[in-house]
Amino acid sequence: MIVKSLEDLVGTEDETSGENWSSRRFILKKDGVGFSMNDTIIKAGTENYFWYKNHIEAVYCIEGEGTIEKMETGDVYDIKPGTMYLLNEHDKHILRATTQMRMVCVFNPPLVGTETHNEEGYYPLLTE
């Protein structure tokens with residue numbers, strides 16, 4: 001059994017940040033369960049281009065509001081607490097945070113924990 005609280009992660013090596021986001025990594029590849037899970041903050045007023053070409057990501061919004069735009073189609077969806085989206089086609093997307101957003105993110109394959117988005121918007125596939 002693995003039990004962690006957010007306060008166990010903040011300010012440790014299990015918290016990774018970019019210019020517009022901060023990700024606290026609860027479950028990682030080293031935990032051996034086949035997926036990873038993060039508690040992620042997206043800063044208010046930001047526009048974030050992401051493309052997870054190496055991962056499938058499911059995201060559940062628990063705080064804040066914004067939109068997600070699927071780049072291939074231009075479709076825009078409202079995101080608010082209680083909304084889930086799944087990037088099951090390695091979708092290139094823009095996440096726009098109207099207010100600070102807090103998201104629970106699940107990745108497969110699992111993250112190792114040190115990933116940050118590269119210039120093309122995706123996480124490299126790391127092995128440890």
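Is Glu-89 buried or exposed, and what is its relative accessible area? Please take your time with the surroundings too.

Modeller: Happy to, and please keep in mind that this is a predicted model. Glu-89 is exposed, because its relative accessible area of 51% is over the 50% cut-off. Glu-89 forms a salt bridge with Lys-70, and their closest N and O atoms are 2.9 Å apart. Lys-70 belongs to strand β6 (residues 66-70) while Glu-89 sits in the loop between β8 and β9, so this pair ties together parts 19 residues apart in sequence. Lys-70 itself is partly exposed, at a relative accessible area of 22%.

Asp-91 is found in the loop between β8 (84-87) and β9 (92-97). With a relative accessible area of 7%, Asp-91 counts as buried, because that value is under 20%. Beyond its neighbours within four places in sequence, Asp-91 is in contact with several residues, including Phe-50, Trp-51 and Leu-86.

Glu-47 lies in strand β4 (residues 47-51) and Arg-96 in strand β9, so parts 49 residues apart in sequence are tied together. Arg-96 is partly exposed, with a relative accessible area of 25%. The count of salt bridges comes to 6.

How values were computed: Residues are numbered from 1 along each chain as its sequence is written. This is a predicted model: local features need pLDDT of at least 70, side-chain atom pairs count only at pLDDT 80 or more; totals for chains, interfaces and linings use all residues. Side-chain values use heavy atoms; hydrogens and water are left out. Helices (H or I, at least four residues) and strands (E, at least two) are DSSP runs, numbered from the N terminus. Buried means under 20% relative accessible area, exposed over 50%, partly exposed in between (1.4 Å probe, protein chains only). Contact means heavy atoms within 4.5 Å. A salt bridge is a side-chain nitrogen of Lys or Arg within 4 Å of a carboxyl oxygen of Asp or Glu.
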